[in-house]
Amino acid sequence: MHHIAEHKRLHETKTGAQAWRRWGPYLSERQWGTVREDYSAHGTAWDYLPHDHARSRAYRWGEDGLAGISDDQQRLCLALALWNGRDPILKERLFGLTNSEGNHGEDVKEIYYYLDGTPTHSYLKMLYKYPQCEFPYARLVEENRRRGKDQPEYELLDTGVFDNDRYFDVFIEYAKAGPDDILMLVTVHNRGPEAAAIHVLPQVWFRNTWSWNGKTPKPSMTADGGAILARSNDLGEYRLRGDATPAPLFCENETNVRRLYGVEGIPGGFKDAFHEHLIDGRVDAVNRAQAGTKAGLHYAETIPAGESVPFRLRLSKGDSNTRPEDFDAIMALRRREADEFYAVVQAGMTDPDARLVHRQALAGLIWSKQFYYYDVPEWIQGDSAQPPPPRERLNGRNREWMHLNNADIISMPDKWEYPWYAAWDLAFHCVPFAMIDPEFAKDQLILLTREWYMHPNGQLPAYEWAFGDVNPPVHAWATWRVFQMDRKQRRAAGDPQDPGDLAFLERVFHKLMLNFTWWVNRKDAQGRNVFQGGFLGLDNIGVFDRSAPLPTGGFINQADGTSWMAMYSLNLMRIALELALHNRVYEDIATKFFEHFLHIAEAMNHIGGRQSCAERGVGLWCEHDQFYYDVLNLPDGRVVPLKVRSMVGLIPLFAVETLEPELLDRLPEFKKRLEWFLNYRPDLASLVSHWDVPGTGQRRLLSLLRGRRMKALLRRMLDEGEFLSGFGVRALSRAHRDQPYRFPLDGHDLTVRYQPGESDTGAFGGNSNWRGPIWFPVNDLLIESLQKFHHYYGDDFKIECPTGSGQFMTLRQVADELARRLSRIFLSDGDGRRPVFGAYDKLQTDPHFRGYPLFHEYFDGDTGRGVGASHQCGWTALVAKLLMPQAHAAPVKDSAAARPTAEPGRRPKARPATTSVHVGTQNE
């Protein structure tokens with residue numbers, strides 16, 4: 001497939017022939033307000049470096065910028081700055097509210113879109129919408145601070161700054177002429193009814209590496225004819241040229257101590273010099289010597305109504321001319337090559353709107369890469385050339401992670417709201433990444449298990465606010481899925497017998513065995529294979545903050561924690577079986593994880609048996625309610641089920657795997673041990689379903705759910721009055737809207753109520769909500785689990801969907817229906833409206849807005865409106881997988897002809913052992 005130019009670049013990157021990924025969209029959207037930049041005594045990151053300081057203070061650990069790029073160690077950065085002649089601040093970075101300012105936590109208050117991108121960043125495109133009137137910084141802060149958590153957020157659109165279309169559409173495109181030769185095209189459209197002035201200031205700067213230890217040589221920038229020459233010891237020489245030659249401006253990427261700390265007598269030319277030069281009119285703010293560590297080219301234009309002006313720039317190693325005809329030809333070529341690349345990725349997709357959503361989802365994923373730098377011991381102890389940090393930090397945040405030293409390109413959840421990696425988010429990112437760049441996906445999964453990330457005790461780092469928090473153990477699942485997807489692509493491109501990247505699989509597997517052991521040793525308080533784990537990524541889903549000490553004392557046995565571990569066991573077992581096909585040693589290890597799964601299944605199914613939920617000794621399954629609940633174990637021995645019907649009780653569906661007779665026959669030692677174990681332990685054998693495949697043997701189903709329990713869970717999950725929304729599966733049953741769960745504590749009730757959109761509490765910062773909305777990661781796992789169940793039960797087993805509708809579907813068709821409902825969030829309906837846009841008519845109808853869906857953190861459980869972080873382009877990019885051809889089939893029409901002929905727990909009728917392969921599904 002190397003006739004496709006982007007495939008050739010990916011191959012050259014993989015082999016090391018060319019470093020096409022050296023430059024990329026690696027700047028953060030927000031470096032201020034992060035843990036990395038926080039040197040306060042008590043971890044008040046939002047207050048220590050606020051937005052108002054960002055333009056004036058040199059960052060220690062990274063850089064941010066508007067639509068920016070950098071090299072892969074972020075030594076040299078290129079980004080855009082804008083000024084409309086009215087704003088009080090030069091627009092160098094995106095503005096948003098801190099956690100305490102927003103009525104639902106931190107929130108970016110800008111409108112921007114990631115529109116396109118290729119995996120090697122040979123082509124990138126982004127859009128920023130810039131108001132022509134003064135940007136309403138103060139109004140956004142004041143009004144959101146005034147509003148309560150029960151009120152909607154006050155957004156930039158609500159301020160009226162886009163009324164009468166008085167704004168600029170600023171398109172930023174990058175195209176690589178070579179690995180170190182980058183073209184930047186900024187095209188500014190005046191959408192308003194009158195001519196409007198704008199200042200465009202592309203700027204290039206070095207990350208400040210020289211102010212911290214007093215030893216690092218300081219790089220330099222100087223004027224070189226009409227260009228800016230940037231020199232450093234490790235990067236060599238780069239030049240930035242424009243197609244016009246305005247006089248370059250220079251300053252230092254150093255803190256303005258005069259503005260922030262009142263220190264006089266130090267020469268100017270600080271980091272914020274361009275701001276002071278343009279907005280304050282201070283000619284002396286910039287370096288007169290035409291040298292520094294930050295430089296920019298200042299263009300001032302008045303753009304007629306309805307017209308546009310392009311600005312061409314080129315950043316290249318050595319010296320490259322910027323003739324407009326060459327520039328335009330290269331830019332046009334890279335656009336065509338991006339189209340060719342996605343034509344292959346989207347083969348068979350016939351709906352133009354689905355292709356648009358699919359491509360923009362993957363573009364957001366590519367743009368969300370970021371250089372992440374954080375050396376914990378150096379951060380805690382401070383820098384030798386700076387004042388020592390407060391002593392309280394020695395016993396503060398992340399002190400138990402002194403081995404952690406990160407300086408890598410990592411996929412971020414959201415580069416403004418969450419500009420730091422999160423372990424379980426990253427695992428989900430890797431699946432859509434594997435559709436377009438499996439090598440990068442594999443590198444990400446390896447990275448988090450390296451010794452400078454993983455704790456010596458085996459724990460994976462959660463996120464910088466608390467590396468010791470516990471995320472769901474989905475790394476093995478992602479590793480197996482990425483391996484499968486990569487192998488499928490390898491076979492399609494060459495050898496149909498390619499075994500896949502076994503070295504990758506084995507490398508991650510060894511590290512995950514350490515992590516599995518950490519879970520077993522640390523999160524099973526009673527040694528009974530029933531697990532705790534803490535908040536497990538589900539924020540406010542429960543009655544209590546599950547990552548904090550309980551106000552009641554005791555501990556919680558978690559249905560989700562235990563189910564995640566059952567799933568983890570099956571994931572590791574399946575990986576071990578794949579490795580065992582090439583190295584028999586792994587048969588023993590596969591047996592170990594098979595047995596561990598059975599013990600977890602026994603614990604979940606046996607504890608409490610069929611007794612009432614109210615009885616002492618209750619387990620995680622409530623027979624009366626036919627649902628799984630967390631169970632509170634109190635210090636006095638009492639056991640109290642926390643009867644919240646939430647995603648916690650559906651997660652047991654995730655632990656499912658089938659064992660094919662052909663696979664077992666190729667692994668005789670594992671098969672022998674499996675059969676001995678099931679004969680020796682008939683109590684555990686009853687947990688494994690099996691049925692005879694004519695002429696081949698027995699297919700076995702490993703699942704936490706047998707028969708009626710699976711049916712009971714699916715009945716609730718597919719009930720539109722409970723979990724099933726028109727846009728996917730809700731995180732909390734809608735039944736809790738009218739019947740909230742209440743837990744009495746110290747004379748008052750702790751309440752969990754269905755909230756389809758934003759949270760009305762401050763739990764976990766208040767910016768996420770698992771009490772009703774739709775979340776893509778867990779919905780994707782539900783879809784994959786249903787596909788696996790269908791692989792075992794086949795078309796003979798059907799279930800009513802939606803519950804009470806009289807329409808019956810196979811489990812595969814139910815999975816397809818969920819995929820369709822999730823995809824509906826982004827796709828235009830018959831009236832041309834996208835549910836993700838909610839009630840904003842401008843987003844729904846304006847031709848300059850309606851074609852740009854945003855990939856939010858989560859979605860309203862009733863309307864599909866986007867909620868939370870607006871550019872959660874990581875796990876919400878999973879929609880790209882769901883949109884792939886054959887990822888879902890046509891819905892069942894004839895309910896009378898679709899009655900079930902078999903139920904879970906009964907042996908289905910024999911059927912052929914082969915199962916068709918669908919692009920974008922679990923069978924990849």
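The legends below describe several close-up views of one predicted model.

In this predicted model, local features need pLDDT of at least 70 and side-chain atom pairs count only at pLDDT 80 or more, while totals for chains, interfaces and linings use all residues. Residues are numbered from 1 along each chain as its sequence is written, and side-chain values use heavy atoms, with hydrogens and water left out.

**View 1**
Helices (H or I, at least four residues) and strands (E, at least two) are DSSP runs numbered from the N terminus, and two strands pair if DSSP finds at least two bridges between them. Nine strands form an open, antiparallel sheet, in the order 6-7-8-9-18-13-12-11-15. Strand 6 (112-117) and strand 15 (291-292) stand at the edges with a single partner strand each, so one side of each is left without a neighbour in the sheet. Within the sheet, strand 13 (residues 236-242) and strand 18 (residues 308-317) run antiparallel and are joined by five bridges; Arg-241 has Arg-314 of strand 18 as its bridge partner. Helix 8 (residues 352-367) lies across strand 6, strand 7 (123-131) and strand 8 (167-178), and runs at about 95° to strand 6. The angle is taken between N-to-C directions on a scale from 0 to 180 degrees, with axes fitted as lines to C-alpha atoms, for helices over the stretch in contact, where contact means heavy atoms within 4.5 Å.

**View 1. Strand 2 between its two partners.**
All six of the six residues of strand 2 (residues 66-71) are buried, so this strand is largely enclosed by the rest of the structure; buried means under 20% relative accessible area, exposed over 50%, and partly exposed in between (1.4 Å probe, protein chains only). Strand 1 (residues 23-24) runs antiparallel to strand 2 and is joined to it by two bridges, with Ser-70 in strand 2 as the bridge partner of Gly-24. Strand 3 (residues 76-83) also pairs with strand 2 in the antiparallel sense, over three bridges, and here Leu-66 has Leu-80 of strand 3 as its bridge partner. The hairpin of strand 2 and strand 3 has four residues between the strands, and in this hairpin Gln-74 takes a positive phi near 50°.

**View 2. The hairpin of strand 24 and strand 25.**
Strand 24 (residues 630-633) and strand 25 (residues 639-642) run antiparallel and are joined by four bridges, and the bridge partner of Val-631 in strand 25 is Pro-641. Five residues lie between the strands of this hairpin, in which Gly-637 takes a positive phi near 95°.

In one of them, Arg-259 pairs with Asp-52, the closest N and O atoms being 3.1 Å apart. Arg-259 lies in helix 5 and Asp-52 in helix 3 (residues 51-54), so the pair ties together parts that are 207 residues apart in sequence. Arg-259 is partly exposed, with a relative accessible area of 31%, and Asp-52 is also partly exposed, with a value of 38%. The side chains of Arg-93 and Asp-64 likewise meet in a salt bridge (3.0 Å, N to O). This pair links distant parts of the chain, 29 residues apart, with Arg-93 in the loop between strand 3 and strand 4 (96-97) and Asp-64 in the loop between helix 3 and strand 2; both Arg-93 and Asp-64 are buried.

Glu-817 and Arg-820 meet through their side chains in a salt bridge (3.1 Å, N to O). Because they stand three residues apart in helix 21 (residues 811-824), Glu-817 and Arg-820 are separated by about one helical turn. Glu-817 and Arg-820 are both buried.

**View 3. The surroundings of Asp-780.**
Asp-780 has its place in helix 20 (residues 776-793) and is buried, with a relative accessible area of 1%. Leaving aside neighbours within four places in sequence, Asp-780 is in contact with Trp-477, Leu-878, Lys-881 and Leu-882.

How values were computed
Salt bridge = Lys/Arg side-chain N within 4 Å of Asp/Glu carboxyl O.
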